[in-house]
Protein chains: 2
Amino acid sequence: MRGFAERAGGFRPSAVRDVFEVAMRPGIVSLAGGNPDLELLPLQELGEMASRIIAEEGLEVLQYGSGAGYEPLIELVTEFMRSEGSHPRVEEIQMTAGSQMGLDLVTKLFCDPGDVILAEGPTYTGALGVFEGYQVDVRQVPLDEDGLDPAAVETRIRELKEQGKRVKLLYTIPNFQNPTGVTLAQERRAELVRVCREQDVLVVEDNPYGQLSFSGERLPSLHSYDPEAVIYLGSFSKVFSPGVRVGWMVAPPRVRKFLQIAGEAVTICPSVLSQRLVLGFMGQGLWESHTRRTAALYRERCDAVLTACREHMPAGTRWTTPTGGFFTWLTLPEGGRYDDAAQALAPAIDNGVVFVPGTAFHDDPTMGRTPGTDPAGGAVDDAGTRPGARNLRLAFSSVAPDRLTEGVRRLAEVF
Amino acid sequence: MRGFAERAGGFRPSAVRDVFEVAMRPGIVSLAGGNPDLELLPLQELGEMASRIIAEEGLEVLQYGSGAGYEPLIELVTEFMRSEGSHPRVEEIQMTAGSQMGLDLVTKLFCDPGDVILAEGPTYTGALGVFEGYQVDVRQVPLDEDGLDPAAVETRIRELKEQGKRVKLLYTIPNFQNPTGVTLAQERRAELVRVCREQDVLVVEDNPYGQLSFSGERLPSLHSYDPEAVIYLGSFSKVFSPGVRVGWMVAPPRVRKFLQIAGEAVTICPSVLSQRLVLGFMGQGLWESHTRRTAALYRERCDAVLTACREHMPAGTRWTTPTGGFFTWLTLPEGGRYDDAAQALAPAIDNGVVFVPGTAFHDDPTMGRTPGTDPAGGAVDDAGTRPGARNLRLAFSSVAPDRLTEGVRRLAEVF
């Protein structure tokens, strides 16, 4: 990498990139993607709304806007945050070109090379990509079926500090986690925030799926317990559209002003037109009915996958039971045909189905040497094996139920 | 900055931020902004186009897209590059959420803390903000009325290398430069690229204004002379809309693939809807007529400012004569009322006019100790003074001619 910065060594193609290319092949059932289904969007109405906005407000929405974001949308975000028990002020909110950008900015602002970010094990691959780009030392804490265990987080922070590490952030997806689909139990939330604050570790709460609860129930955000201790990342990608690239961050004002400066250095301002379209969609009440309908759609698809797993997967296979979101997480039984799900990927593709192997969601060189717990509800006996080796992420968000059933059947044939 | 990364020390509010807030006050003539004028955009037609696109292609344009960018727009960009003598292939192009993001990515990919970026003195403040955020050591080479002098660039690179510095990039805005309005003479272009290639310094060619030539004449891009030695940053913000946030980069394939990985870590993909709207605008031929009409508008405004300067500014004041773009650059005479234009800002605002002081465009601690040249056509005798102290940037892009005349008159009263 002659001539490049040292950090460029962390710019590696995502392990899941090839999988997504395969997923586009005709005839393949893709359990790999994590795309929202847009079939239920009222495209005609959205188009008419966009037309009015551009014709009537074009001089504003096609121009540069505020680096902090489009103020009417920021106000709507403050209202939205109240539904999870938070009460941020306008000056605590920073709009972004998607919550991925929020993750980039917070890492950029807080982490020097070698600093530690604690994350869930397994976690979102796109977060690992950001952290690697800033030469962060990622350490992962295993999940169980109720999410992160605050005591385990505290122990890990203490151990790392004893090793002389600077632990800067805890990155967590508390609701319908990517990739496991598990949700952090309500009774653990206050304690997790308290532990991190006490240890001077800022919590980064990434919540793209929280609105997609199958029951409609919404848990209080981590942010609601202590707004000084938590930076919240929000997204309109899963409930409206990823193609407009609009997300937001909530942070204490002393942090937010630096996030704005850092954000302006990257994009000057978030797209004003995109923000205005989101406001139109959210504000017209289209949003709530759309979210209810898509959550019902995802619930039906989740049921289809879990039913098919019960019918077709080999005995001893376990999986999580998501209460919202896009994903379930399979754990293969010991002594099956494959020790490493990644080895089953090529045969699965040959059999017309694709998934993401569990190893893609891990990047902690020290993990796997210690036994972990298992979000799918059993003990994991993976001491000495690659973390996530016996796991698969199955995404059900963008495939019709009968195709999901067929996909699981094809997958079961391989195992 | 306890808890923050070291680089956060570079996240300083822009020196021009306050100026832009003042510029919004009623009654003030703002010669500060650098916004394009959108009055000539066919908003009704654009709205109808957006409506059709969302209704007919919503499932694609509202979804996640390729990390490299929307392919039909990439193909149009390759055509566009030909108008400046470049012939990039599709795989050399990376779409971005505005060319500012391109600048962020190239700095992130190439520069470790302490590495040197050479820039023009003066240069775009937003570039300085990016470089500071990556703890880059910025060194600026003075401009004259024909832009950068290749021999001066070569000498500076050699000096810096002798001091043990790693000089990674030369950042330049060759056409209608921000803030001076000067254009790199055609006869210097090949030589500038040759010198940088020989010295193993990558050229970053930022060209947001190049299409806004008053005469319609377009010079060949630096990229056209040696595509291996130049990374080109393009923008749709000045000829179409900054509010959609769409730009592009052209880079050799070995570099571009890392730019894509780095870009995906920041925004996953550029907004598909925004890219589709740009394609619609460019493709329908709306673009060429719009560019011709806006260039004529800016030419008229430039004439108004220069005429008013001749009529009203104190004897000995000099200014550049732009052949395109948004800006002219004033140099105050020695022995006038103010040694530093920044000191005149408050009185100017009191008198109903605002501008950006020249010091905002400098960030090289070693500059100003050596005499420089002057893009406004005289020798600069500023040894020992802050670089840019006797300069003002006047933007004429978004103010009507009669208001420009009045603004310059008010400014002249202050000096």
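**A walk around the model**

Guide: Let's start at strand 14 of chain A, where A:Asn391, A:Arg393 and A:Ala395 point one way, A:Leu392 and A:Leu394 point the other way, and all are buried. This is a predicted model, in which local features need pLDDT of at least 70 and side-chain atom pairs count only at pLDDT 80 or more, while totals for chains, interfaces and linings use all residues. Residues are numbered from 1 along each chain as its sequence is written, chains are lettered from A and ligands numbered from 1 in the order in which they are written, and side-chain values use heavy atoms, with hydrogens and water left out.

Visitor: What makes strand 14 of chain A count as mostly covered?

Guide: Buried means under 20% relative accessible area, exposed means over 50%, and partly exposed lies in between (1.4 Å probe, protein chains only). In strand 14, residues 391-395, five of the five residues are buried.

Visitor: How do you know what a strand is?

Guide: Strands (E, at least two residues) and helices (H or I, at least four) are DSSP runs, numbered from the N terminus. Chain A has 13 helices and 14 strands.

Visitor: Which way do strand 11 and strand 14 of chain A run, and how many bridges join them?

Guide: Two strands pair if DSSP finds at least two bridges between them. Strand 11 (residues 327-331) and strand 14 have five bridges and run antiparallel, so they pass that test. A:Trp329 stands opposite A:Arg393 there. Strand 13 (residues 356-357) also pairs with strand 14, antiparallel over two bridges, and A:Pro357 has A:Leu392 as its bridge partner.

Visitor: Why is helix 5 of chain A called largely enclosed?

Guide: Seven of its nine residues (125-133) are buried, so the rest of the structure largely encloses helix 5. Among the buried ones are A:Leu128, A:Val130 and A:Phe131. The buried residues of helix 5 pack against helix 4, strand 3, strand 4 and strand 6 of chain A, together with helix 9 of chain B. After helix 5 comes A:Gln135, whose phi is positive, near 55 degrees.

Visitor: What makes B:Arg17 partly exposed?

Guide: B:Arg17 has a relative accessible area of 24%, so it falls between the buried and exposed limits. B:Arg17 sits in helix 1 (residues 17-23) of chain B. Leaving aside neighbours within four places in sequence, B:Arg17 is in contact with A:Gln260, A:Ile261 and A:Glu264, where contact means heavy atoms within 4.5 Å.

Visitor: Why do strand 2 and strand 5 of chain B each have one side without a neighbour in the sheet?

Guide: Eight strands of chain B form an open sheet in the order 2-9-8-7-6-3-4-5, with mixed pairing. Strand 2 (93-96) and strand 5 (147-148) stand at the edges with a single partner strand each, so one side of each has no neighbour in the sheet. Elsewhere in chain B, strand 8 (residues 230-235) and strand 9 (residues 247-250) pair in the antiparallel sense over four bridges, and B:Leu233 has B:Met249 as its bridge partner.

Visitor: How do you know that chain A agrees with a compact globule?

Guide: The radius of gyration is taken over C-alpha atoms, and the globule rule is 2.2 Å times the number of residues to the power 0.38. For 415 residues a compact globule would be near 22 Å, and chain A has 21 Å, which agrees. Of those 415 residues, 67% count as buried.
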